[in-house]
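Here's a quick briefing to read alongside the model. Have the sequence and the 3D view open as you go.

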Amino acid sequence: MNHEHYYHSTDLPRFSEIGQGAPELWDKFRAWYGAVFAEGALSAREKALIALAVAHAVQCPYCIDAYVTAALEQGSNEEQMTEAVHVAAAIRGGSSLVHGVQMRNHLERLGM
Amino acid sequence: MAVLPTLQKQRHPLASGEAQRRRLAGIALSHSFEEALDTAGLYPLRATGIEVLQVNLGKKCNQTCHHCHVDAGPDRTETMPTEILDTCLRVLAASDIPTLDVTGGAPELHPGFRRIIEEGARLGRHLIDRCNLTVTRLPNYRYVPSFLADHGVEVVASLPYFQARQTDAQRGEGVFEESIAALREFNALGYGRAGSGLILDLVTNPVGAFLPPAQAAAERDWRRELERRHGIVFNRLYTITNMPISRFLEHLDAKGQTEAYVSRLAQAFNPDAAARVMCRSTLSVGWDGTLYDCDFNQMLDLPLAGKRRHIRDFDRPELDGRTIALGPHCFGCTAGAGSSCGGAVV
């Protein structure tokens, strides 16, 4: 086993091995996961783009690889995928910045 | 328009069909195509008849697309001799095969192109021309759109995306602009317009190593965007999976993606798609008259199961129920919604 890096793209197809420790939970996860990504009130394409954005927000390398492929296979193009990543980045950046209000609240409490 | 040397011109090892088959056979998959078919109750796969006679007029083309399964290009010289073209027409005339599908290379570059279309029309068969669009912009081939319209030929035209960057990345710099000009000309003749009776279908192959999108959803996008951006209309969009052979196989190898891509195709095996693969109802004729189950087998030099047969030995009862020759590349036609010359099959 290669320990040079923590993540390996070849590990993604091994995802199902996690089911060996708790098969029933894995089966429930798979069924739920499949239902989540099925066509519904949102299209499968929209869901793949949301997943791609979330993958970047949580910085999961496996999810990024998987949902770049999924987004392409759902018919999204590079421009749409890049905008989705910007949405994730904007929420992450905005989330830091909006906590500036907490900073200001505490400054007010400490100041004169 | 940018044109690259073909694999054959480069003397690339994958120029040979046998080398491609060896490369594909060396990929470790969780199950073979034959095993997948067996699980679906479809092995051995048998033909159900001949609905389409697909004649490959040769490998010469004015483009060198990165995904081309033919390794076609301007430097290819293989072209169907007149006597074999005549034999194809004789077979068609003596049979009730309803559709004549003409492909290549760019079939319009063949000196007998006019004749095969004219004869096919005279025989009252449904005619399909697999057109790369840009060939109709060449000085000696400007006649093609109106000629096709005059003979009621269905045009199946390649356009991988409704934007230039993706189209040119697959088909060559400048191809998109020329393709749009050609589509405008087809539209002006009535192609793609309701009530004209002139059918213009578009074909999209993914611009990369992934499966095509859902055909109906993609067709809605193409229709909206081509109309909005370019005022172009068409009848249907066909999504076709990139076959991991020839130039696309070379591309996958260069990117280190071959194993992952072929595994992806195998994992996405769909029994419903397998039951409807086009080889069951198509007979493919190579430029030299050799018969194949499909154009992909033709390029892999994988003749009909059993023995190599020629169009001059056409034997309808024997061919109708023949066993289809298979290989790992067949996963390309059974992945997801399936893939055929007529797009998705489920």
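S246(B) sits in helix 10 (residues 246-255) of chain B, where helices (H or I, at least four residues) and strands (E, at least two) are DSSP runs numbered from the N terminus. Keep in mind that this is a predicted model, in which local features need pLDDT of at least 70, side-chain atom pairs count only at pLDDT 80 or more, and totals for chains, interfaces and linings use all residues. Residues are numbered from 1 along each chain as its sequence is written, chains are lettered from A and ligands numbered from 1 in the order in which they are written, and side-chain values use heavy atoms, with hydrogens and water left out.

- S246(B) isn't a glycine, yet its phi is positive, at about 50°.
- With 3% relative accessibility, S246(B) counts as buried (buried means under 20% relative accessible area, exposed over 50%, partly exposed in between, using a 1.4 Å probe and protein chains only).
- R11(B), also not a glycine, has a positive phi of about 55°; R11(B) is in the loop between helix 1 (7-10) and helix 2 (17-25) of chain B.
- Is R11(B) buried or exposed? At 76% relative accessibility, R11(B) is exposed.
- Y43(B) and P44(B) are joined by a cis peptide bond with omega about -5°, and P44(B) belongs to the loop between helix 3 (33-39) and strand 1 (52-56) of chain B.
- Another cis peptide bond runs from G104(B) to G105(B), with omega near 25°; look for G105(B) in the loop between strand 2 (99-103) and helix 5 (113-122) of chain B.

**Around H110(B)**

- H110(B) is placed in the loop between strand 2 and helix 5 of chain B, and at 9% relative accessibility H110(B) is buried.
- The H110(B) side chain makes a polar contact with the side chain of T79(B) at 3.5 Å (a polar contact is a pair of N or O atoms within 3.5 Å; within protein, one must be able to donate a hydrogen and the other to accept it, and residues adjacent in sequence count only if both atoms are side-chain atoms).
- A polar atom of the H110(B) side chain also lies 2.7 Å from the backbone oxygen of M80(B).
- Setting aside neighbours within four places in sequence, H110(B) is in contact (heavy atoms within 4.5 Å) with L57(B), T79(B), M80(B) and L85(B).

**Cysteines**

- How many disulfides are there over all chains? The count comes to one, taking a disulfide as a pair of cysteine sulfur atoms within 2.5 Å.
- That disulfide joins C60(A) to C63(A), with the sulfurs 2.4 Å apart.
- The torsion about the S-S bond of C60(A) and C63(A) is about 75°, so the disulfide is right-handed.
- C60(A) is buried, with a relative accessible area of 17%, while C63(A) is partly exposed at 28%.
- C88(B) is buried at 2% relative accessibility, and C279(B) is buried at 11%.

- On a 1 Å grid over the protein atoms alone, a cavity is a set of points where a 1.4 Å probe fits but cannot get out, and lining residues have an atom within 4 Å of a point.
- Searching the whole structure turns up two cavities of 30 Å³ or more, with volume being the space filled by probe spheres set on the points.
- The largest cavity has a volume of about 580 Å³.
- Its lining has 32 residues, and H67(B), H69(B), T103(B), S158(B) and N205(B) lie nearest the centre of the largest cavity.
- Strand 3 (126-131), strand 4 (154-158) and helix 13 of chain B are the elements that give two or more residues to the lining of the largest cavity.
- The second largest cavity holds about 140 Å³ of space.
- Of the 16 residues lining the second largest cavity, V277(B), C279(B), C294(B), C330(B) and C333(B) are the closest to its centre.

Definitions and conventions
On a 1 Å grid over the protein atoms alone, a cavity is a set of points where a 1.4 Å probe fits but cannot get out, and a pocket is an open set with protein on both sides within 12 Å along at least five of seven lines; lining residues have an atom within 4 Å of a point.
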